[in-house]
Amino acid sequence: MNELRHVLVVEDSRVQAKIISQHIAEATPFPTLVAHSLAEARQAMTEKREAIFVAILDRNLPDDPDGEIVPLATSLGIPSVVMTATFDEEVRQKLLSQNVVDYFVKTMSEMTAMERLIERLYKNQFVKALVVDDSRLFRSYLTTLLRNLNLQVLEAEDGRQALTVLEAHEDIRLVVTDYNMPHLDGFGLIEEIRAHRPKDALSIIGVSAEGGGQTVKFLKVGANDFLVKPVQAEECVCRVNQQLDMLEILANYRELCAKAAP
């Protein structure tokens, strides 16, 4: 992989910032940059943008009464993970509207999940994904979600176009596809893909407004997982990351088997 980049930790409490940074240092290979205010965070994000691949953000900074820290990170294309002392539905909706990758309550039990997410976001920089949907609006929504996860995202408006994109980009590892599309629907697309690309080489997540039988059909024709419209951001993030984790586990297993073979 490329040279390691940094995790930016923005936290007004110096004690909390030290605890978070120490946990990241102990659990991941990534160095941290620390800012204790909006002003320090803005300086770090602008001057060291290329060194930062994710920001861990506190929403309650003394010089940020209007909550500018998350939109600032988003405007600079820095995926943001929020650590919050309190959590309710209003906070959830606010964070989702700001396109954060994920959010965690400031507890020790949440630190492990946050550390795993940081590692996944780093690895995602090197992963290509394809979003296939004839609705430009919904395709844009899914593309935004996946780009928030640091993935390289390509788009196609139907199954036929998706096959062309896949032929041109053989290193695509994830396809998120709608069912109801002109020229070639989601089922037909998956069947075409699976004729050449097995589940352990490329993961497919089917998407449809209908559940039930369509869920079963997606899985039967070769999808790895399924999402029902309207797609919730948190569910999409979890399922995408799970599929990418599984691809990595299977790749490592194949590598170990190859080394162990006589």
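## A buried strand residue

A156 is buried, at a relative accessible area of 0% (buried means under 20%, exposed over 50%, partly exposed in between, with a 1.4 Å probe and protein chains only). The model is predicted: local features need pLDDT of at least 70, side-chain atom pairs count only at pLDDT 80 or more, and totals for chains, interfaces and linings use all residues. Residues are numbered from 1 along each chain as its sequence is written, and side-chain values use heavy atoms, with hydrogens and water left out.

A156 sits in strand β7, residues 152-156 (strands are DSSP runs of E, at least two residues; helices are runs of H or I, at least four; both are numbered from the N terminus). L130 is 26 residues from A156 in sequence. Their C-alpha atoms are 7.3 Å apart in space.

## The cavity

There is one cavity of 30 Å³ or more (a set of points on a 1 Å grid over the protein atoms alone, where a 1.4 Å probe fits but cannot get out; lining residues have an atom within 4 Å of a point). The largest cavity holds about 80 Å³ (the space filled by probe spheres set on the points, which are joined across faces, edges and corners).

Its lining includes L96, Y103, N148 and E234. At least two lining residues come from each of β5 (102-105), α6 (136-148) and α10 (233-260). Helix α10 gives the most, with three.

## An exposed methionine

M108 belongs to helix α5, residues 108-124. M108 counts as exposed because its relative accessibility is 52%.

Methods. 1 Å grid on protein atoms, 1.4 Å probe; cavity = no way out; pocket = protein on both sides within 12 Å on 5 of 7 lines; lining within 4 Å.
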